[in-house]
Amino acid sequence: MERHFERELETLKERLLLMGGSVEAIVLKAVEALRRLDTDLAQEVFADDKVIDRMELDVDERCVRLLALQQPMARDLRFVTAALKINNDLERVGDHAVNIAGGVLRLADQPLLKPLVDIPRMATLSSGMLREALDAFVRRDAETARRLCAQDDAVDFLNRQVFRELVSFMIEDPATITRAMELVLVARNLERVADLATNIAEEVVFIAEARVIKHHAEADPPAADDEFGRS
């Protein structure tokens, strides 16, 4: 029974990593579609998101089955409950990629205001954060997870920089407002991807240390006699 449980946990890790790889790819694909104003590539993003939705349902079902049939305790319980949250976060990342692809379709018949620089950089940073957060999740590596939480500031900085630059375009030429606002929304979606990667990193710390670090305030770990908190 114990070996079966361990195999189920390993399968769960593998499915989450597979989903994470798909999510990382869909974000980069959406931004590449924007850079090229490629509507065919944007349509692929919509199709890819449906696959990610099916992955979410599969992982969700596996987590519920583990909770119901195996009744895990302590660190294993934290792992499964965190996997449920991470699964939802990954699905939401796919939704943000879809939002970016939608912007591509709306911008396709117009030239971009300028060559994209900071937006692709945001995509690289935020998707890289996702990949590292999932690696930390599999290794239960709290140190890497804490470092990732700090990286969110770099994406926030780029988001503000993009916003300021696009506002200047809109002020100088009101005819650019529609195109500029689409790019503002793209940057906002990428900023949210980084936020979701940070959420995953916070769950890794919870799994490894039974410590909550959300909202930049760490709570005391559960008491030693708390079954949920014991390692």
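A helix here is a DSSP run of H or I at least four residues long, and helices are numbered from the N terminus. Glutamate 44 is found in one of these runs, helix H2.

**Overall picture**

This is a predicted model. The protein has 6 helices and 0 strands. Read along the sequence, the pattern is α-α-α-α-α-α. The C-alpha trace spans about 65 × 35 × 20 Å along its principal axes. The protein has 231 residues, and 48% of them are buried.

Helix H1 covers residues 2–36, and helix H2 covers 39–70. Between them is a loop, which holds leucine 37 and aspartate 38.

Take leucine 37 first. Its phi is positive, at about 50 degrees, although the residue is not a glycine. Most residues other than glycine have a negative phi. Leucine 37 has a relative accessible area of 21%, so it counts as partly exposed.

Now aspartate 38. Its relative accessibility is 18%; buried means under 20%, so aspartate 38 counts as buried. The side chain of aspartate 38 reaches the backbone nitrogen of aspartate 40 at 3.0 Å.

Back to glutamate 44 in helix H2. Which side chain does the side chain of glutamate 44 make a polar contact with? The partner is the side chain of lysine 29, at 3.0 Å. Glutamate 44 is partly exposed, because its relative accessibility is 37%. Along the chain, glutamate 44 and methionine 129 are 85 residues apart. Their C-alpha atoms are separated by 23 Å.

**H4 and its two partners**

Helix H6 covers residues 177–209. H4 is paired with each of the other two below.

| Helix pair | Axes come within | Crossing angle |
|---|---|---|
| H4 and H6 | 9 Å | roughly 15 degrees |

What do these angles say about direction? An angle over 145 degrees counts as roughly antiparallel. The crossing of H4 and H5 is left-handed. Their contact has 12 nonpolar, 5 polar and 7 charged residues.

Turn to the other pair. The axes of H4 and H6 cross at roughly 15 degrees. An angle under 35 degrees counts as roughly parallel, so H4 is roughly parallel to H6. H4 passes H6 in a left-handed crossing. By class, this contact has 19 nonpolar, 2 polar and 1 charged residues.

The loop between H4 and H5 contains arginine 140. What is the phi of arginine 140? It is near 55 degrees, a positive value in a residue other than glycine.

**Cysteines**

How many disulfides does a search of the whole structure find? The count is 0. Cysteine 63 has 0% relative accessibility, so it counts as buried. Cysteine 149, at 19%, is also under the 20% cut-off and therefore counts as buried.

Note on methods:
Residues are numbered from 1 along each chain as its sequence is written. This is a predicted model: local features need pLDDT of at least 70, side-chain atom pairs count only at pLDDT 80 or more; totals for chains, interfaces and linings use all residues. Side-chain values use heavy atoms; hydrogens and water are left out. A crossing is left-handed if the near helix is turned anticlockwise from the far one by less than a right angle, and right-handed if clockwise. Ala, Val, Leu, Ile, Met, Phe, Trp, Tyr, Cys and Pro count as nonpolar, Asp, Glu, Lys and Arg as charged, and the others, Gly among them, as polar. A disulfide is a pair of cysteine sulfur atoms within 2.5 Å. Buried means under 20% relative accessible area, exposed over 50%, partly exposed in between (1.4 Å probe, protein chains only). A polar contact is a pair of N or O atoms within 3.5 Å; within protein, one must be able to donate a hydrogen and the other to accept it, and residues adjacent in sequence count only if both atoms are side-chain atoms. Axes are lines fitted to C-alpha atoms, for helices over the stretch in contact, and angles run from 0 to 180 degrees between N-to-C directions. Angles under 35 degrees count as roughly parallel, over 145 as roughly antiparallel, 65 to 115 as roughly perpendicular and the rest as oblique.
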